[in-house]
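User: Please take me through selected features of this model by question and answer, with the cut-offs behind each term.

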Amino acid sequence: MKEKLTVVKVGGQIVEEETTLHQLLDDFAAIKGRKALVHGGGRSATKLADRLGIESRMLNGRRITDAETLRVVTMVYGGLVNKNIVAGLQARGVNALGLTGADMDVIRSVKRPVKEVDYGFVGDVKQVNTALLAELIQKDIVPVMAPLTHDGEGHMLNTNADTIAGETAKALSRIFDVTLAFCFEKKGVLRNENDDDSVISLLTPPEFRQYVADGVIRGGMIPKLENAFEALHSGVSEVIITSASAIGKGGEGTRMRLLLP
């Protein structure tokens, strides 16, 4: 029987504010068993870019990453945000290790090809070093992964944190029984975006398609959920969409499954 592993992806908004960061660290530290954390940090990157006079350009929620922007996100994601999380977890007795994809060649990517849009130095994940990550986790080391990868030729690449979480969870599902939790400010996927208590408790592919057709699920949530179902198809046992304060608490949030239980 595979050992259980919880992979938590948390958005930048949560890790960039002192109050919500401390609560997240408390909640994450309380998760029992093996675990890993993937984080964002976009707002901090935008703030630093503004202070440096560098324009931040976004398209469909994705950052256009030129050479100057790449320097900023490398400093912020791999430095400031990542190390604040690592230090906070160490203070809570969690033996955390901050990683970008370049560290120990954990995640290698290819630069996204130019099609309709040139995203610049943005990476699409090519391979995850499953054996190395599993070895760290089995030694009670908790990976804290920044949204940065590398191409194996000396270049860092900005990579979407949701993608890193999904690809890491899929890779590790060969060794562990993986639950992937995407943490947001909301309690889960909502039937009514104006009602924080209208959480859809269980979501299967047919229901997802119907909610999209009805306009209940739309915008940036659609690709997030498509990625979540892809993770389930690739061996992840369960995907949960929930609030950061609910991680590790059974029954809260939106639980995604390929089939009804």
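User: In which loop does Asp-105 lie?
Analyst: The model is predicted, so local features require pLDDT of at least 70 and side-chain atom pairs count only at pLDDT 80 or more, while totals for chains, interfaces and linings use all residues. Residues are numbered from 1 along each chain as its sequence is written, and side-chain values use heavy atoms, leaving out hydrogens and water. Helices (H or I, at least four residues) and strands (E, at least two) are DSSP runs numbered from the N terminus. On that numbering, Asp-105 lies in the loop between E5 and strand E6 (107-111).

User: Is Asp-105 buried, partly exposed or exposed?
Analyst: Although Asp-105 is not a glycine, its phi is positive, at about 55°. Most residues other than glycine have a negative phi. Buried means under 20% relative accessible area, exposed over 50%, and partly exposed in between, with a 1.4 Å probe and protein chains only. Because its relative accessibility is 24%, Asp-105 counts as partly exposed.

User: What is the relative accessible area of Asp-140?
Analyst: Asp-140 lies in the loop between helix H5 (130-138) and E8. Asp-140 is not a glycine, yet has a positive phi of about 65°. The residue is classed as exposed, because its relative accessible area is 52%.

User: What is the strand order of the open sheet of 8 strands?
Analyst: Two strands pair if DSSP finds at least two bridges between them. The edge strands, each pairing on one side only, are strand E5 (96-99) and strand E12 (202-203). The pairing in the sheet is mixed, and the order is E5-E8-E2-E1-E11-E13-E14-E12.

User: How many bridges join E1 to E11?
Analyst: E1 is mostly covered, with 6 of its 8 residues buried. On its E2 side, E1 runs parallel to E2 with 6 bridges, and Thr-6 has Lys-35 of E2 as its bridge partner. Towards E11, Val-8 has Ala-181 as its bridge partner. The pairing of E1 with E11 is also in the parallel sense, and its bridges number 8.

User: How many of the residues of E13 are buried?
Analyst: E13 runs parallel to E11, joined by 6 bridges, and Ile-240 in E13 is the bridge partner of Ala-181. E13 also pairs with E14, in the antiparallel sense over 3 bridges. E13 is largely enclosed by the rest of the structure, because the buried residues are 6 of the 6.

User: At what angle does H8 run to E13?
Analyst: Axes are lines fitted to C-alpha atoms, for helices over the stretch in contact, and angles run from 0 to 180 degrees between N-to-C directions. H8 lies across E11, E12, strand E13 (238-243) and E14. Its angle to E13 is about 145°.

User: Are H7 and H8 roughly parallel or roughly antiparallel?
Analyst: The axes of helix H7 (residues 205-213) and helix H8 (residues 221-233) come within 12 Å and cross at roughly 170°. Angles under 35 degrees count as roughly parallel, over 145 as roughly antiparallel, 65 to 115 as roughly perpendicular and the rest as oblique. H7 is therefore, relative to H8, roughly antiparallel.

User: Which residues of H7 and H8 make the contact?
Analyst: Contact means heavy atoms within 4.5 Å. H7 contributes Pro-205, Phe-208 and Val-212, and from H8 come Ile-222, Leu-225, Glu-226 and Phe-229.

User: Why is the pair of Phe-208 and Phe-229 tilted?
Analyst: Rings of Phe, Tyr and Trp (its six-membered ring) pair if their centres lie within 6.5 Å; planes under 30 degrees apart count as stacked, over 60 as edge-to-face and the rest as tilted. By this rule the count is 1 aromatic pair. The ring centres of Phe-208 and Phe-229 are 5.5 Å apart, and the pair is tilted because the planes stand at 50°.

User: How many residues apart in sequence are the parts tied together by Phe-208 and Phe-229?
Analyst: Both Phe-208 and Phe-229 are buried. Because Phe-208 lies in helix H7 and Phe-229 in helix H8, the pair ties together parts whose separation in sequence is 21 residues.
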